[in-house]
Amino acid sequence: MTNTEGFLRSLFGVTRFSIVPLALAIDIEIRLIFSDHIPMDDIQVTKHIYPLVAEQMNASRTTASRRIERLTHQCWDALMEKDMLEDCIGCKPFCPPSPASLLRYLAVYLHTGKPYELFIMENPKFVFNPSEHTEEFLSTNKPYLRVLFVRDKPLPVLEMCASGALSHLVCPSCYAAMEKRKQNFCANCGQRLDWSQL
């Protein structure tokens with residue numbers, strides 16, 4: 001049993017469903033980020049994770065993706081029930097993240113032992129490909145520059161929360177609801193937003 005499986009078993013307890021698809025997806029995300037050094041922004045679950053899980057499970061991509069998505073929702077519920085959101089993510093979002101985001105949060109937490117938000121604040125180079133000026137900003141001892149540097153990198157607006165029949169777009173950084181479509185920055189935290197995937 002891997003560390004990931006052990007964590008998921010302790011989170012879910014005794015279950016009648018298999019946690020293997022979620023454990024495989026998290027382990028693949030860990031490998032892509034920390035071994036293959038692929039920036040988090042470049043990892044796409046439908047292209048990089050679901051096909052590998054499907055291959056290892058000897059199942060179709062559709063079956064693998066459905067199982068992973070179902071398990072991420074159950075995992076979110078278990079994290080909330082055990083009050084572990086701040087341990088894993090670093091904050092308490094008001095709505096569930098996308099399966100891709102939760103995989104990333106869990107991968108960072110399980111590999112580093114740190115909440116996702118804290119790890120990204122300390123290591124913004126894991127989020128995107130650094131430019132020639134990145135090291136200049138990251139080498140400084142002024143933490144506010146790191147915050148500004150990470151906040152200036154556009155993050156895709158993907159999170160959607162359903163409340164009744166309404167859906168809300170939310171900021172990927174602070175999870176605040178977007179007041180209007182296609183705004184360039186979050187009105188709550190100032191995060192630069194990327195709308196290209198919607």
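A: Angles between axes run from 0 to 180 degrees between N-to-C directions, the axes being lines fitted to C-alpha atoms, for helices over the stretch in contact. Angles under 35 degrees count as roughly parallel, over 145 as roughly antiparallel, 65 to 115 as roughly perpendicular and the rest as oblique. In this predicted model, helix H2 (residues 20-35) and helix H4 (residues 61-81) pack at about 90°, their axes being 8 Å apart; H2 and H4 are therefore roughly perpendicular to each other. Residues are numbered from 1 along each chain, local features need pLDDT of at least 70, with side-chain atom pairs counted only at pLDDT 80 or more and totals for chains, interfaces and linings using all residues. Side-chain values use heavy atoms, without hydrogens and water.

Q: Which residues in H2 and H4 meet?

A: Contact means heavy atoms within 4.5 Å. Pro21, Leu22 and Ala25 in H2 meet Arg67, Ile68, Leu71, Thr72 and Cys75 in H4.

Q: Is Thr72 buried or exposed?

A: Buried means under 20% relative accessible area, exposed over 50%, and partly exposed in between (1.4 Å probe, protein chains only). Thr72 has a relative accessible area of 3% and is therefore buried. The side chain of Thr72 reaches the backbone oxygen of Glu69 at 2.7 Å.

Q: What does Thr72 touch, apart from residues up to four places away in sequence?

A: Thr72 touches Leu22, Pro99, Leu102 and Leu103. Pro99 lies in helix H6 (residues 99-112) and, at 16% relative accessibility, counts as buried.

Terms used: Helix = DSSP H or I, 4+ residues; strand = E, 2+ residues; numbered from the N terminus. Polar contact = N/O pair within 3.5 Å; in protein donor to acceptor, adjacent residues only side chain to side chain.
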